[in-house]
Amino acid sequence: MISNVMSEDNLSSFCYTNEALLNKTPVSIVLDFHGLGFCGMMDGPNELASLCAENGSLYVFPYYGPWSWMNDLAVKYVDEIVSVILKKYSLKDPVIVSSGGSMGGLSALVYSNYAAVRPAACAANCPVCDLPYHFTERPDLPRTIKLATAHYTCGFEHAVRSISPLHIVQSMPDIPYFIIHVTADKSVNKAMHSDRLVEALRLAGKNVTYKEIEGMEHCALNENFQQYADFILSFK
């Protein structure tokens with residue numbers, strides 16, 4: 001008999017965590033959302049997972065779907081993962097940081113808006129911020145956005161705007177945001193995405209730190225990664 005219910009026993013089928021590296025109750029939960037097209041499973045810690053372990057933070061890499069664009073089903077999926085973790089560690093007032101790059105950057109921003117348990121902060125690397133524009137940005141994108149919103153009954157344009165950070169700025173929570181974007185990004189145009197979102201967030205009175213990196217390609221942080229990680233790990 002199979003069950004669609006996540007539990008402590010089967011959680012590794014739905015996300016990767018660095019639990020094996022921790023020796024105590026985590027001081028925070030770091031959600032790290034993957035980019036478009038990822039459909040694998042992690043078999044060991046990446047750099048951020050290792051840094052989280054050193055910080056006493058539980059790193060969580062949800063397998064939330066290669067083309068989900070943090071739609072309502074993806075939000076529910078991640079909420080369920082978080083619920084299992086909170087129960088497992090008996091966390092009553094958890095500190096959660098939402099993070100990710102590219103589609104994962106959009107996901108970090110959108111999840112912060114809709115999460116059942118509000119994150120304390122959000123970090124986004126080269127995020128997609130204007131999803132309606134992104135629909136026209138590359139030929140490989142329309143199919144993914146169409147699939148992510150096909151089940152919505154509110155109409156296609158409304159559905160896409162509901163998971164587009166630039167179009168939900170007014171409802172986004174008043175938490176610290178760290179947005180980082182490279183100037184040589186050929187996959188997610190900096191001027192059309194992060195530049196516009198940062199301006200909109202600031203006009204809405206949100207607390208935003210914006211790091212612009214010269215010359216690097218999409219999501220490549222190199223020596224700037226530590227600053228990104230330091231922001232994420234500063235919440236506990």
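Accessible areas here come from the Shrake-Rupley method with a 1.4 Å probe; for residues, only the protein chains shown count as cover. By that method the protein exposes about 10800 Å², and carbon and sulfur atoms supply 52% of it.

This is a predicted model: local features need pLDDT of at least 70, side-chain atom pairs count only at pLDDT 80 or more, and totals for chains, interfaces and linings use all residues. Residues are numbered from 1 along each chain as its sequence is written, and side-chain values use heavy atoms, with hydrogens and water left out.

**Whole protein.** Show the cartoon. You have eight helices and seven strands. Helices (H or I, at least four residues) and strands (E, at least two) are DSSP runs, numbered from the N terminus. Of the 236 residues, 54% count as buried. Buried means under 20% relative accessible area (1.4 Å probe, protein chains only).

**Helix 8.** Select residues 225–233. Phe225, Tyr228, Ala229, Phe231, Ile232 and Leu233 are buried. Their cover includes helix 1 (47–55) and strand 4 (96–101); contact means heavy atoms within 4.5 Å.

**Helix 5.** Now select residues 142–149. Thr144, Ile145, Ala148 and Thr149 are buried. They span an arc of only 115° around the axis, so they sit on the same side of helix 5. The arc is that of the directions from the helix axis to the C-beta atoms. Helix 4 (131–137) and helix 6 (156–162) are among the elements that cover them.

**Strands 6 and 7.** Last, select strand 7, residues 208–213. Strand 6 runs parallel to strand 7, and six bridges join them. Two strands pair if DSSP finds at least two bridges between them. Find His181: its bridge partner in strand 7 is Glu212.

Technical notes. Buried means under 20% relative accessible area, exposed over 50%, partly exposed in between (1.4 Å probe, protein chains only).
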